[in-house]
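Have the viewer ready and follow along.

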Amino acid sequence: MANLGNPQNTIDVIQKHGFRFQKKYGQNFLIDTHVLDKIVSAAGVTKDDLVLEIGPGIGTMTQYLAEAAREVVAVEIDKNLIPILEETLSEYDNVTILNEDILKVDIAALAEEKNGGKPIKVVANLPYYITTPIIMGLFESGVPLDNITIMVQKEVADRMQVGPGTKDYGALSLAVQYYAKPEIVANVPPNCFIPRPNVGSAVIRLTRYPKPPVEVEDPKKMFALIRASFNQRRKTLVNGLSNAPEIKASKEDVQNAIAKMGLSETIRGEALTLEQFAALSNLL
Ligand code: SAM
């Protein structure tokens, strides 16, 4: 089968099957061989690896992954793509296609069954409308992970990577950085896709930490504090947290904790580092 990273081959497959793009599924197919090579090499895929691909589309990146990995499991929601994938991937005996919604797949069970519970790699050109639930689902459901190497909207990649003091800093930055080391490995312009997305894209690698970089007694509580702080970005941390119904701490408790940490009473949540949110959570 011809390399689908070549734009003409992608157009031929789409025309041959009369495939119609569905906007609701975030379908933008990659047509740039350099970007495809870059993603697979950034993920460090080897013949030992089980790779989960989310949203294979017509199988463009799947071809690259099948060459590099021991085994690939590709989960695609659009049933119209399944017969196309069966054709474009017919040469490979190490690819399994599942016609499912990734948000409903038990990925931990899949890793257990296909990889004996050893860490898997996740590689994807993600459907942008569900980037955050996919990433958080992978981290929070205890899937054994080596790294997640994904194409996302450029602005979302920036959000995952930044620290306090920038406008992009928020709950997603802290959640990602609690679980993984984020590194943007490529910026990708709209003309590398069919059809072209309205936004710039970036490839980011999230390398899972064996152990989180901060010690938190109750991570759920810390994430509730983080969410409450950023929901009320313009308020001081003291007001933001004491107004939040889901936080069971009085204004005085928050004031005392902040004072113990040596922070100003007027500090805003957006100024706190992950270490400081962890300390605050442990104090409250
Ligand atoms: N991997 C292909 C490529 O790079 O050319 C396609 C990437 S396209 C941005 C996203 C793909 O995810 C589409 O094929 C879309 O149908 C699929 N998709 C969207 N929502 C999904 C979901 N909930 N579960 C699984 N796949 C989904």
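## The largest pocket

The largest pocket has 16 lining residues, and those nearest its centre are Lys-23, Gly-26, Gln-27, Asn-28 and Pro-197. A pocket here is an open set of points on a 1 Å grid over the protein atoms alone, with protein on both sides within 12 Å along at least five of seven lines; lining residues have an atom within 4 Å of a point. Its volume is about 340 Å³, where a volume is the space filled by probe spheres set on the points, and grid points are joined across faces, edges and corners.

By class, seven nonpolar, seven polar and two charged residues make up this lining. Ala, Val, Leu, Ile, Met, Phe, Trp, Tyr, Cys and Pro count as nonpolar, Asp, Glu, Lys and Arg as charged, and the others, Gly among them, as polar.

## What the model is

This is a predicted model, in which local features need pLDDT of at least 70 and side-chain atom pairs count only at pLDDT 80 or more, while totals for chains, interfaces and linings use all residues. Residues are numbered from 1 along each chain as its sequence is written, and side-chain values use heavy atoms, with hydrogens and water left out.

## The enclosed cavity

How many cavities of 30 Å³ or more does a search of the whole structure find? The search finds one, a cavity being a set of points where a 1.4 Å probe fits but cannot get out. The largest cavity has a volume of about 310 Å³. It is lined by 26 residues, and Gly-55, Pro-56, Gly-57, Glu-76 and Asn-125 are the closest to its centre.

At least two lining residues come from each of β1 (29-30), β2 (50-54) and α3 (60-68); helices (H or I, at least four residues) and strands (E, at least two) are DSSP runs, numbered from the N terminus. The lining of the largest cavity holds 15 nonpolar, seven polar and four charged residues.

The chain is assigned domain 1 (7-208) and domain 2 (219-283), with bounds from an automatic or database domain assignment. Taken over C-alpha atoms, the domain centres are 34 Å apart. Between them, 12 residues of domain 1 are in contact with 12 of domain 2, contact meaning heavy atoms within 4.5 Å.

Met-222, Phe-223, Ala-224, Leu-225, Ile-226, Ala-228, Ser-229 and Phe-230 are buried in α9 (under 20% relative accessible area; exposed is over 50% and partly exposed in between, with a 1.4 Å probe and protein chains only). These buried residues pack against α8 (171-179), α10 (237-243) and α12 (274-283).

Val-40 sits in helix α2 (residues 33-43) and is buried, at 10% relative accessible area. Beyond its neighbours within four places in sequence, Val-40 contacts Val-45, Tyr-64, Leu-65 and Ala-68.

Thr-96 belongs to strand β4 (residues 95-98) and is partly exposed, with 25% relative accessibility. Leaving out residues up to four places away in sequence, Thr-96 touches Glu-71, Val-72, Val-73, Ala-74 and Lys-114. Finally, Pro-195 is in the loop between β8 (193-194) and β9 (201-208), and the peptide bond from Ile-194 to Pro-195 is cis, with omega near -20 degrees.
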